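Let's take a friendly walk through a protein model. Have the sequence and the 3D view ready as you read.

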Amino acid sequence: MFTAPLEEDSSISTAVVAPAPAVAPDFALQVVGERPWWRDAVVYQVYIRSFLDSTGDGVGDLAGVRAGLPYLRKLGVDGIWLSPFYPSPQHDHGYDVADYMAVDPLYGDLAEFDRLVVDAHRLGLRTVVDIVPNHCSTAHPWFREALAGGPNSAARSLFHFVEGRGEHGELPPNNWRAMFGGSAWSRVTEPDGKLGQWYLHLFTPEQPDLNWRDPRVADHFEHVLRFWLDRGVDGFRIDVAAGLFKHPELPDSPDPEADERTRDSVNPLAWNRPEVHAVWRQWRTVCEEYTARDGRERLLVGEVSVPTPADQADYVRPDELHQAFFFHLLSAPWNAGAFRGTITEALRDIAGTGSTVTWVLNNHDQVRTVTRYAGGETGVFGAARARAAALLMLALPGAAYIYQGEELGLPEVIDLPDEVLTDPIFHRTGSRQYVRDGCRVPLPWSGHASPFGFTADGSTARPWLPQPAWFAEHTTDRALNDTGSFWHLYRDALSLRARLPQLGEGTLRWLDAPPSVLAFVRGDGLVCAVNFGEEPVPAPVPGPPLLSSTSCPSGLLPGNTAAWWAHDPANA
């Protein structure tokens with residue numbers, strides 16, 4: 001198993017120790033009165049089951065994350081976002097939660113979680129945990145009680161149980177389709193053995209949607225928030241933050257297959273309902289209460305998939321979420337005009353609320369950028385474009401999130417055999433389109449063959465998804481020793497971002513540039529330019545760049561390349 005060097009923080013041991021206080025007393029970042037940390041933070045998304053396996057069962061775990069913390073500090077990120085680690089049947093790898101206030105034994109226990117938070121804080125890393133309020137698991141005690149209680153039971157009102165249509169209730173209550181395929185409704189067998197009511201699940205049948213019109217749901221989740229805040233977490237990433245509420249009458253949709261067709265939250269009767277904003281105001285109040293106690297800002301960052309940046313802006317008003325992931329940049333085609341238009345809209349609509357834009361290029365649901373930007377069948381441009389996009393993102397005003405493996409330049413694994421695929425999308429539809437396993441393959445840390453240091457030393461267990469042989473070209477130890485690697489590009493960019501006042505939060509001014517080039521000035525001293533074309537163009541400013549995604553000959557910006565230059569406004 002790969003273990004990152006602890007460097008000067010040798011006091012942090014990966015050995016099992018007694019539970020520690022939730023917040024280390026020497027946590028360097030808890031300073032009252034400073035500008036909120038999240039406004040320009042760079043946070044690393046840890047998909048736990050694929051990060052590092054400390055037990056040798058082939059699945060990553062919390063102790064593995066803890067062992068990797070010095071690596072992340074060395075990279076230069078400001079915090080980590082942990083994917084769900086709660087008890088779960090794992091139908092959707094933890095996004096089907098059976099208990100919101102515990103740790104699945106697959107990943108460790110609460111004591112290991114506490115040690116992780118303490119060690120992260122000692123290294124100056126914030127810890128953000130994933131919370132899933134739109135739906136739970138069919139294994140959750142509430143749902144089991146609802147099944148046992150039968151129609152009209154109090155537990156059934158915690159979900160969307162409805163009588164079916166048709167002469168004998170044999171048809172679903174409406175025509176909605178689930179995002180992961182099939183009807184959004186499943187019929188249950190009642191305690192008397194007869195077929196009975198239907199329940200709503202906008203993802204899979206194993207993930208019943210909660211009914212947020214029942215006040216017990218809101219009360220429970222406030223308790224959940226406080227449980228984790230009391231354990232020292234720095235914030236929450238909110239899954240499906242545009243969900244929760246549905247049209248109260250659950251009418252038919254004029255385009256019932258929209259969610260299934262796009263694998264996105266499109267149905268206006270099921271998503272982006274106005275009532276959801278009151279929930280985020282209450283959650284913000286809870287976070288502000290904890291911030292007032294010790295001056296340490298707690299964060300709410302939402303997965304808000306809505307049609308436009310203006311729609312997203314509604315979620316980051318001063319009394320709601322602090323941030324929301326800006327997915328429009330992730331989905332923009334590799335084109336200077338498209339990127340400029342997308343960035344302009346974000347800065348106008350989202351930054352206008354007083355929040356900062358939260359930029360993302362990758363996550364656990366998306367095809368990795370190296371593959372996404374490959375440029376057709378040959379795929380020759382993928383790596384160069386992914387490197388350029390990373391420098392662009394890290395130069396923009398606001399915060400950024402990096403998905404694990406992004407710093408290694410990992411491509412998507414596109415040839416996983418059908419028999420190893422675990423994504424419920426595949427099992428619900430039989431189609432490989434939109435299947436997410438390819439970006440979730442366990443990380444390669446060291447060596448020349450699988451498991452590439454992912455599993456504990458001496459383990460014979462195979463990683464939960466097979467790693468291709470070509471992962472040997474992308475191992476962490478190889479990247480650390482290659483100064484031209486993706487890893488060093490990210491590390492150098494993050495180091496400059498931390499040192500240069502022009503980067504992070506602030507303003508952006510566009511520069512005139514050729515049609516294939518996007519160029520802008522940050523503050524009064526840094527220029528970023530990206531050549532989206534294939535041919536070199538004149539550099540926007542003279543002299544060598546501070547940092548570039550590929551080698552830049554004097555006075556030129558090569559194709560599919562980004563670079564940063566120091567800029568003297570007196571000579572502009």
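## Strands around S18

Strand S16 (residues 547-548) pairs with S18 in the antiparallel sense over two bridges; strands are DSSP runs (E, at least two residues), numbered from the N terminus, and two strands pair if DSSP finds at least two bridges between them. Here serine 548 stands opposite alanine 563 in S18.

This is a predicted model, where local features need pLDDT of at least 70, side-chain atom pairs count only at pLDDT 80 or more, and totals for chains, interfaces and linings use all residues. Residues are numbered from 1 along each chain as its sequence is written, and side-chain values use heavy atoms, leaving out hydrogens and water.

S18 also runs antiparallel to strand S14 (residues 526-531), joined to S14 by six bridges. In one of them, valine 527 has tryptophan 565 of S18 as its partner. Five of the six residues of S18 (residues 561-566) are buried, so S18 is largely enclosed by the rest of the structure; buried means under 20% relative accessible area (1.4 Å probe, protein chains only).

## The nonpolar cores

Which residues touch the most other members of the largest nonpolar core? They are Tyr44, Leu82, Phe85, Phe113, Trp280, Trp283 and Trp564, out of 149 residues. A nonpolar core is a set of buried Ala, Val, Leu, Ile, Met, Phe, Trp, Tyr and Cys residues joined through side-chain atoms within 4.5 Å. A second, separate core of 16 residues includes Met179, Leu202, Ala270 and Ile425.

Notes
Buried < 20%, exposed > 50% of the residue type's maximum accessible area, 1.4 Å probe, protein only. Helix = DSSP H or I, 4+ residues; strand = E, 2+ residues; numbered from the N terminus.
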